[in-house]
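Hi,

Here is the structure I said I would pass on. Have a look at it first, and then read my notes below.

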Amino acid sequence: MLDTIFFYVFALLTIGGAIATITRRSAMHSALSLIVSLLGVAGLYLLQKAEFLFAVQIVLYIGGIMVLFLFVIMLVNLDQAAKERQFNRQWLLGLVASVLVGAQMVWMLNSAGVLSLPAAVPAPAATGPGNIEALADLLFREYLLPFEVASLLLLVAIVGSVMMAKKTS
Amino acid sequence: MLVNFTPPSASEYIRVLPEILLTVGGTILMIAEGLAGERHRRGLAPMALAFLLLALGGAVVAGMDPGPAFNNMLTVDGYATFFRLLVLIVGILSVLISGSYLTRENADSADYYALILFSLCGQSILASANELIMVFIGLEISSIATYVLAGFLRNDKRNNEAAIKYFLLGSFATAFLLYGVGWIYGVTGTTNLQEIHRFLTSSESVYSPLLVSACAAMMFVGFAFKVSAAPFQGWAPDVYQGAPAPVSAFMTAAPKAAAFAVFLRVYSIAFSGLTERWQPILWVSAMATMVIGNFAALRQDNIKRMLAYSSVAHAGYVMVAVVAHSEAGVAAAMFYLASYAFMNLGAFAIVTHYVGKGERYVGIDDMAGYARQQPLIAALFTWFLLSLIGVPLTGGFFGKFYVFKSAIDSNLIWLTVLGLLNSAVAAYYYLRIIVVMYFHEPTNETGAAGPVPAGVRLALIGSAIGVFVLGVMPSAVLEFANRSAMLSR
């Protein structure tokens with residue numbers, strides 16, 4: 001029961017924050033709303049007993065990435081951006097499209113029987129090593145190659161962004 | 001816990017040799033530029049070429065000892081080796097035409113070559129990926145590198161437009177793909193292609209076909225974007241037209257071939273049990289891609305934009321082979337992509353040279369009398385255009401022949417008829433260039449009558465030989481394709 005209440009609180013935070021992120025005019029407000037949304041997701045992770053993801057979500061997303069966002073926002077001229085005409089004015093079309101896609105998904109999940117599943121059987125309590133150890137085990141054993149290749153992905157992204165950002169001679 | 005840990009064996013490392021060589025090569029290139037300084041920039045292209053040749057050798061060595069690598073993350077089979085070799089050859093030809101272009105634009109830089117190498121590394125991973133996680137990472141490495149390459153000349157507005165369009169839409173498409181992968185994991189509990197196949201075809205597993213179809217559909221959005229298949233082809237003309245010409249040449253051949261490779265692998269292994277659900281959708285997409293590409297190309301005046309639309313149309317022909325969903329279809333797609341890579345690179349190499357400094361706008365009528373100024377180059381251009389039409393004795397002919405043959409074998413009569421009608425339409429806009437080059441009086445003195453740089457010349461000869469070999473002796477390549485077309489489930 002308590003779990004359910006917490007779930008709805010976190011879900012509300014996540015969705016409310018996400019909606020505020022895209023509707024606020026000021027970039028600063030958007031960024032702060034995004035933090036709320038990410039916090040809600042972190043809470044959902046905790047409810048799923050994924051402590052590691054919870055910690056990473058807080059430290060990396062809210063701690064690291066959001067600070068970076070805020071830096072960027074402070075560097076650009078905010079007043080100017082707030083006054084300017086927003087790029088995309090297709091409010092109505094966007095709303096109709098998302099309602100349609102949403103309805104389609106609900107219909108599909110419903111006819112797939114996902115929405116009316118019997119009450120979930122609680123996952124067996126983890127035996128043996130904890131969450132983080134299990135993750136490390138998977139990451140460095142089974143998923144060693146993707147883990148290593150992801151570093152190449154990051155390298156390419158860094159090289160690309162530096163190239164795009166550096167001053168032209 | 002570590003008792004049962006076995007480190008990867010040496011043969012597993014050899015199976016990822018091309019990826020290792022490309023990554024090391026790209027990194028060394030970036031360091032070398034810093035160490036050698038500005039004056040030695042001319043050495044960068046040969047260095048990149050050397051690494052590409054090494055990787056080509058690596059791919060051959062890796063292909064001699066087929067098998068899975070790193071817990072089934074990759075599988076190096078004949079199919080993977082075919083596409084690895086194909087993208088590496090495209091890489092070599094693109095580097096050959098890039099050198100003089102970058103010097104002309106005063107933009108020589110190791111980053112350019114490093115990004116080409118990294119992008120090829122991603123495509124090489126895609127060619128051998130056997131796991132949706134590797135598919136995603138490989139696709140992203142390849143795409144991010146090409147986003148940057150598309151906007152490489154930052155002072156050029158067209159470059160900027162191409163890069164931002166490609167980047168925004170591409171990220172959106174990849175998000176769809178990733179969402180599909182997430183759902184697949186939710187339904188089947190695995191991301192390994194064979195295991196997904198096993199789960200979906202086993203009578204014991206409980207799942208909703210509707211949900212799996214939704215996954216397949218979302219992944220289709222991602223793949224269709226990367227191969228520029230309708231209705232996700234909208235970005236292609238703007239990006240191919242706006243990007244630097246050698247990059248367009250690269251983009252229309254290598255990333256597209258790799259994306260098709262993984263598209264085919266995922267759909268013919270993981271989703272092979274759901275054929276009757278995805279085949280109609282792909283049928284419509286193949287038809288629309290051919291029609292949109294060809295009819296839009298008819299109306300183009302700019303030669304680069306016309307080639308961009310033609311690239312969309314050719315993706316449509318390969319889609320026909322995907323719809324066929326048979327081993328013959330897979331082999332036909334492999335052959336088609338190889339022949340398309342050569343003829344398209346050849347055509348783009350000439351455009352790269354012809355546009356001159358600052359990439360002026362070249363309309364089709366500007367080619368008037370080109371045959372008189374540069375008879376040899378015009379003859380080669382004609383050769384590539386004939387191959388793009390699909391005239392016998394060229395690689396393009398056998399490509400189309402095998403594609404439509406596989407479609408007929410799979411009872412796709414209407415699609416074949418539509419495809420053939422489309423090829424006839426396509427002949428018009430390719431022939432128009434040939435007519436203008438040979439039978440129109442030169443109107444103005446064009447700046448591109450200058451000598452052709454050695455790199456471009458080499459690339460032209462290489463592509464022309466490729467088109468010729470595939471057109472006259474297709475059996476060697478086709479046999480290899482046929483042998484590798486049986487993807488292990």
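This is a predicted model: local features need pLDDT of at least 70, side-chain atom pairs count only at pLDDT 80 or more; totals for chains, interfaces and linings use all residues.

As general background, nonpolar side chains in soluble globular proteins tend to be buried together.

Next, the largest pocket, which has a volume of about 1400 Å³. It is lined by 26 residues, and the closest to its centre are Phe52(A), Leu53(A), Leu135(A), Leu139(A) and Ile133(B). Both chains have elements that give two or more residues to the lining: α3 (51-75), α6 (131-142) and α7 (144-165) in chain A, and α6 (132-150) and α7 (157-188) in chain B. Which element gives the largest share of the lining? That is α3(A), with seven residues.

By class, the lining has 22 nonpolar residues and four polar ones, with no charged residues. As for where the pocket sits, domain 1 (1-84 + 107-125) and domain 2 (128-169) of chain A both give residues to the lining, so the pocket lies between them.

**Some backbone spots in chain B**

Most residues other than glycine have a negative phi, and most peptide bonds are trans. With that in mind, here are some places to check:

- The peptide bond from Ala230(B) to Pro231(B) is cis, with omega near 0°. Pro231(B) is in the loop between α9 (209-227) and α10 (235-242) of chain B.
- His325(B) is not a glycine, yet its phi is positive, near 50°. You will find His325(B) in the loop between α13 (303-324) and α14 of chain B.
- Glu359(B), also not a glycine, has a positive phi of about 50°. Glu359(B) is placed in the loop between α14 and α15 (370-373) of chain B.

Are these last two residues buried or partly exposed? His325(B) is partly exposed, with a relative accessible area of 23%, whereas Glu359(B) counts as buried at 7% relative accessibility.

Over to you!

Note on methods: Residues are numbered from 1 along each chain as its sequence is written. Chains are lettered from A and ligands numbered from 1 in the order in which they are written. Side-chain values use heavy atoms; hydrogens and water are left out. On a 1 Å grid over the protein atoms alone, a cavity is a set of points where a 1.4 Å probe fits but cannot get out, and a pocket is an open set with protein on both sides within 12 Å along at least five of seven lines; lining residues have an atom within 4 Å of a point. Grid points are joined across faces, edges and corners, and a volume is the space filled by probe spheres set on the points. Helices (H or I, at least four residues) and strands (E, at least two) are DSSP runs, numbered from the N terminus. Ala, Val, Leu, Ile, Met, Phe, Trp, Tyr, Cys and Pro count as nonpolar, Asp, Glu, Lys and Arg as charged, and the others, Gly among them, as polar. Domain bounds come from an automatic or database domain assignment. Buried means under 20% relative accessible area, exposed over 50%, partly exposed in between (1.4 Å probe, protein chains only).
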